[in-house]
Amino acid sequence: MFFKEKKFMLLTFTIVMSVILAACGSEEADGGEVDGEETYNWMFATEETEGQVQFEYAQEFADRLHEKSDGRINIDVYEFGGLGSEVDQVEQLQSGIIEFAIVSPGFTGTMVDEGQLFALQFLFSDDMELNQHVLNTSEALNVHLANKYEEHNILPLAFWTEGAMQWTGNRELRTPEDFNGFKMRTQESPLIIKSYEAYGADPTALSWAELHDALNRNMVDGQENPIFFIEDASFHEVQSHMTISRHNIYVAMTTVNPDFYYGLPDDIRALIDETVEEMRPVGFELQERLNEELLDEIVDNEQYPTEVIELTEAERDAFRELAMPVHESFLNEVGEDGKLIVEMLQAEIKAAE
Ligand code: 6CS
């Protein structure tokens, strides 16, 4: 716990540093020349810290591009906190202060309405490989939803999963009744909030920078995340229960500032595209391994014991039933384009099953 607090103090310090770095970063995006060839210095923001899926993905992405370009492309990968909150990072990407970011759609919910579709619980399959295939190939996401993001100066290059979502709480969460009055922490999306209200919970949006402390002080009762993140962020140390609910999948987007991206020479942009493709299986294997390994860590942890329960299909159905009217109301409210995107995605998932 001391480590966590110390880590966040450090992160606060780096926020200040980041303003200075960010100012330099954009100036130096075209770095100069090596042997007559242009060099590039870019910034890549993540919402996670070293050892966690997003950071490791981004670092591998950066290493591969460095190697492919014979050292001409240098990418500094930033841990979460180094550039501010999740929402701050999105704004920096939009304005071109940073070139790349991993963005969770949950933090763009008040801006890109259609991107909230990832908050729809029980939308995807239980088969994670199938889900990743859909994320890789979906026209609904990679063309139509990507266009919606691009209107806001965010260009998604890939949608990928960080694993199935589970609940932790300061009490058992097995039935919708258990959510009655439950203070649930969520990301910034109004649809995530609505989804938990449908279970009778009392949701609050919060950055994960404040989440460990908020759970520890009982300011919130619980949260949702993939297992690797629950363990690595030590949420299980301040929660008594974890429910394997698989009520949704965590989706992240690899994004780039569109003006920067389209302004690059073709050969450099091709290297980026090639690396995005290579990273699809790498990201999937990374999350799969960490989610498996860190589940064992939670189960075997004697210092901070956590009661882990797995919902039966019948228990999941009780939540699914309450989630369906939320799907309906989102389809009615999101506008014609959003409705078409969700319906196309639903058809793509069905076709893949
Ligand atoms: O719960 C969150 O907000 C965080 N969860 C993950 C898996 N990644 C980053 C995000 O900010």
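I started with the largest pocket: 15 residues line it, and Ala164, Gln166, Ile227, Asn291 and Glu292 lie nearest its centre. α4 (128–137), β5 (155–164) and α10 (266–300) are the elements that each give two or more residues to this lining. I noted that α10 gives the largest share, six residues. The volume of the largest pocket is about 350 Å³.

The model is predicted: local features need pLDDT of at least 70, side-chain atom pairs count only at pLDDT 80 or more, and totals for chains, interfaces and linings use all residues. Numbering runs from 1 along each chain as its sequence is written, and side-chain values use heavy atoms, without hydrogens and water.

My terms: on a 1 Å grid over the protein atoms alone, a cavity is a set of points where a 1.4 Å probe fits but cannot get out; a pocket is an open set with protein on both sides within 12 Å along at least five of seven lines; lining residues have an atom within 4 Å of a point. Volume is the space filled by probe spheres set on the points, joined across faces, edges and corners. Helices (H or I, at least four residues) and strands (E, at least two) are DSSP runs, numbered from the N terminus.

Next, I looked up cavities and found three of 30 Å³ or more.
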